[in-house]
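Welcome! Have a look at the structure below, and then we will walk through it together, topic by topic.

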Amino acid sequence: MFGRSAALLVRELTTDDHHLRRFNYDLFDKVISEIQEHFQQVTTIMEKMQGENEDGQISSADENYNGALIHHQSILRNKRCLLAYMYHRANRLQRLRWQLGAVLPEDVKELLHPSEKEFVKSYSEALSSYMTKLDIDLAVDITPPKDPYIQVRVLNNIGEVLLGDQSTSLVRNSIHFVKRSEAETLISQGLLEEFTG
Amino acid sequence: MANYYDIQDILMQDEVARGSVVDLPLWLAQDLVQRQILHIKLPSCFNARVRKEVQADPACVDLHSKCPFYYEMGCKLVELSVDPTLGPFLLTTLQGRYKDLLCKALTATLSGNLKFLPHLTEEETRLFEAGRDSVKAFKKWRLQGPRIEKAAILGRKRNRDATPIWS
């Protein structure tokens, strides 16, 4: 009550900058039910105050006024915390789309709320349609390249992958000389590693 | 509008303004003061004793235990309360600590200099970490380390030191 659970929710966001935690359904629903409680309290107090005054006016001198004010402020505070929680998670998901490409890894997907999954899907679609219209892949070359080609070492067995015009078989610990733009997404996903020799 | 979603702002306002007859979190007190229902008495972390401590040696004072959001809370209180000396006091405190903070941030090794870190407020810790990260990035650039790397979110199971491409 009075914004304490909401504060816990927001505190979760500060714990780990790089990792997304599981959506906290329990705490989120708890804050929403607290908002409803506060709202109930406000309406009862308002009715009481209107009932006591004959012409139905509410004066700020009334002793219950401050109580109603506190409940009202708590509702606003809870709302702010909930919105901030969703907003920051959505931001992290956007960043992930740029880093990892169109497909999210399974273990990240299971941490998301269904509405977040919707968000990721629509954002991804919007971004892809924009990039195809421009005919450029914007997620590539985030750091300015020194060289169009790069040497990479394969970390896991991926099998046959279409790199450029040829399909290459990526066996663990093999070293390839590939175009930087294609290697970039794979490195970001953790499948390859830059070979600095 | 930018402040509405700002996490640091939200958490800072949760700190209780102790010293008033009733202890209230700042978000509640702020509104009530604007409606002139109550007055804020400055919390104990800004009182005369602390100010003397800071005047003596700003760099050594443990501000984190007094209030982790010392500066931000002070700034909000400057608007709400009647004390005109609070603003300049905050400025001089930060000035005193900043130079020391910056030097340590840019020269810190992994192990040393950890004693004074818990004394820093949230804002100062962020400055410190920004300094440390920029030194790390510079060293990496100097040694021409790998420029594309695995995204940090995937690093849970193994390499916790993987830095993101950008954060």
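In which helix do Glu106(A) and Lys109(A) both lie, and how many residues apart are they? Both belong to helix α4 of chain A, which covers residues 106–109, and they sit three residues apart, about one turn of the helix. Please keep in mind that this is a predicted model. The points below begin with that pair and go on to other parts of the two chains.

- The side chains of Glu106(A) and Lys109(A) meet in a salt bridge, with 3.9 Å from N to O.
- Glu106(A) has a relative accessible area of 58%, so it counts as exposed.
- Lys109(A) is partly exposed, because its relative accessibility is 33%.

**The build of chain A**
- Chain A holds six helices and five strands.
- Starting at the N terminus, its elements follow the order α-α-α-α-α-β-β-β-β-α-β.
- Chain A is more spread out than a compact globule, because its radius of gyration is 26 Å, well over the 16 Å that the globule rule gives for 197 residues.
- Its C-alpha trace spans about 85 × 35 × 25 Å along the principal axes.
- Of the 197 residues in chain A, 39% are buried.
- Among contacts in chain A with a separation of 6 or more, 63% come from residues 24 or more positions apart.
- Asp135(A) is worth a look: it is not a glycine, yet it has a positive phi of about 65 degrees.
- You will find Asp135(A) in the loop between α5 (114–134) and β1 (149–154) of chain A, and it is exposed at 68% relative accessibility.

**Where the two chains meet**
- In all, 34 residues of chain B are in contact with 46 residues of chain A.
- The area buried between the two chains is about 3900 Å², and carbon and sulfur atoms give 64% of that.
- Five residue pairs are in polar contact between chain B and chain A, counting pairs with both residues at pLDDT 80 or more.
- On the side of chain B that touches chain A, α1 (7–14) and α2 (26–34) each supply at least two residues.
- α1(B) gives the most to that side, with six residues.
- That side of chain B is made up of 18 nonpolar, four polar and 12 charged residues.
- One salt bridge is counted between the chains: Asp9(B) pairs with Arg80(A), and their closest N and O atoms are 2.9 Å apart.
- Asp31(B) lies in helix α2 of chain B and is buried at 13% relative accessibility.
- Leaving aside neighbours within four places in sequence, Asp31(B) is in contact with Leu69(A) and Gln73(A).

**Salt bridges inside chain B**
- Arg51(B) and Asp83(B) meet through their side chains in a salt bridge of 3.0 Å, N to O.
- Arg51(B) is in helix α3 (residues 48–56) and Asp83(B) in the loop between α5 (70–80) and α6 of chain B, so the pair ties together parts 32 residues apart in sequence.
- Arg51(B) is buried at 17% relative accessibility, while Asp83(B) is partly exposed at 21%.
- Glu53(B) forms a salt bridge with Lys66(B), the closest N and O atoms being 3.9 Å apart.
- This pair links helix α3 with helix α4 (residues 63–66) of chain B, the two residues being 13 apart.
- Salt bridges that share partners also join Arg80(A), Asp9(B) and Lys76(B) into one network.

Note on methods. Residues numbered from 1 in each chain as written. Chains lettered and ligands numbered in written order. Predicted model: local features only at pLDDT ≥ 70, side-chain atom pairs only at ≥ 80, totals over all residues. Heavy atoms only, no water. Contact = heavy atoms within 4.5 Å. Buried area = accessible area lost by both parts, 1.4 Å probe. Salt bridge = Lys/Arg side-chain N within 4 Å of Asp/Glu carboxyl O. Polar contact = N/O pair within 3.5 Å; in protein donor to acceptor, adjacent residues only side chain to side chain. Helix = DSSP H or I, 4+ residues; strand = E, 2+ residues; numbered from the N terminus. Nonpolar A, V, L, I, M, F, W, Y, C, P; charged D, E, K, R; others polar. Rg over C-alpha atoms; globule rule 2.2 N^0.38 Å. Buried < 20%, exposed > 50% of the residue type's maximum accessible area, 1.4 Å probe, protein only.
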